[in-house]
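Please walk me through this model in the viewer, one selection at a time. Say what to pick and what is found there.

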Amino acid sequence: MEVGIIGSGIIGLLSALTLTDAGYKVTIVARDLPGDESQDWASPWAGVSIFPHPDVGGQSLQAENFKYFWALAHRDPTAGVQVLKATEYYDDRDDDSSIWYKTLVPRYRRIPKEKLPEGAKMGFTYTSMTINPAFLLPWIKKQLEARGVKFHRKTVGSIEEVKKMTGCRIIVHASGLGAYALAGDKNVEAIRGQTMFVETDFDELKMHQGSHYTYVIPRMFTNGAIVGGVTQPGNLDRSVDTRLRSDILQRVKALTKGDLDEVSLEKSVQKDIVAFRPGRKGGYRLEIEGNTVHAYGFAGLGYIFSYGVALKVRELVDSVAARDRVARSHL
């Protein structure tokens with residue numbers, strides 16, 4: 001059976017991977033494709049850190065995703081997935097009772113309160129991963145092409161247009177921000193992010209959450225890291241906010257307790273990045289509507305959910321296909 005996918009971000013690509021695993025013939029239609037560097041899609045600009053999130057639900061999806069990338073990091077280093085020590089700090093909770101993934105991740109350890117940085121109420125370390133999307137996205141595309149997946153670059157105006165174009169009765173809709181128009185979903189919202197790629201040999205994942213959102217994410221195959229960040233729902237400004245650059249760097253230096261003191265805006269910043277996360281008020285959408293499987297609205301957590309979502313997409317497509325076969329048998 002044939003399935004069409006709208007979108008070639010991380011959700012669309014990994015959905016194609018799980019569907020071809022199950023024997024489906026897949027065609028991907030997307031405005032942007034792996035290798036593109038447009039601000040209009042989020043996947044190439046993500047950090048990427050595999051920090052499971054304690055508060056957004058979808059724990060089984062996140063767990064499946066962690067397992068997939070852990071295996072990939074050890075199986076094929078050319079995919080751009082790197083295993084590193086991770087440290088998380090929070091100033092909005094006093095203990096780790098909400099950290100459901102402490103039994104999932106390797107080498108989980110609480111940090112004693114006397115060793116926490118100023119402002120943090122709780123912290124812990126474990127082993128996790130970073131991803132360089134400049135390598136991962138083309139890597140997945142190559143795997144898919146070897147399986148016969150067809151890619152079509154096209155800006156589409158409706159889901160029905162994709163059905164007619166591909167001849168597929170079943171569509172996986174993973175267009176991210178495109179869902180505002182394609183699904184008529186007014187809850188879809190762009191969330192502006194601004195980061196910097198800086199030259200450094202710092203080799204540890206670090207993040208602070210709560211009153212501020214600050215992180216450093218080493219980039220595999222480079223001598224550098226992504227530092228950030230900000231979350232600005234509804235802000236569509238594509239230009240670099242120069243005031244944020246010094247604020248981000250100041251927060252990152254405090255987070256790393258002096259390890260990035262040599263980094264400067266003038267000498268170390270190789271690139272300023274402004275991109276828009278595909279958010280959705282009320283949370284992500286992962287469900288069937290007619291013969292369409294919707295999978296969008298993951299905001300800045302697309303890579304953290306991605307393979308788990310792809311497995312669920314395959315499950316939903318299986319149910320649509322089974323229903324379709326029953327309906328046809330009664331014709």
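This is a predicted model: local features need pLDDT of at least 70, side-chain atom pairs count only at pLDDT 80 or more; totals for chains, interfaces and linings use all residues.

Residues are numbered from 1 along each chain as its sequence is written, and side-chain values use heavy atoms, with hydrogens and water left out.

Select residues 10-21, helix H1. Helices (H or I, at least four residues) and strands (E, at least two) are DSSP runs, numbered from the N terminus. H1 has 12 residues and reaches 17 Å from its first C-alpha to its last, close to the 16 Å expected at 1.5 Å a residue; the expected span is 1.5 Å times one less than the number of residues. Of its 12 residues, 11 are buried, so H1 is largely enclosed by the rest of the structure. Buried means under 20% relative accessible area (1.4 Å probe, protein chains only). After H1 comes glycine 23, with a positive phi near 95 degrees.

Next, show the largest nonpolar core, which has 74 residues. Such a core is a set of buried Ala, Val, Leu, Ile, Met, Phe, Trp, Tyr and Cys residues joined through side-chain atoms within 4.5 Å. Leu14 and Val317 are among the members that touch the most others. Helix H7 (residues 302-329) gives the most to this core, 11 residues. A second, separate core of 15 residues includes Val216 and Val263.

Finally, pick serine 49, in the loop between strand S2 (25-30) and helix H2 (59-75). Serine 49 is buried, at 9% relative accessible area. Its contacts (heavy atoms within 4.5 Å) include Met129, Leu205 and Ile304, not counting residues up to four places away in sequence.

Note on methods: Buried means under 20% relative accessible area, exposed over 50%, partly exposed in between (1.4 Å probe, protein chains only).
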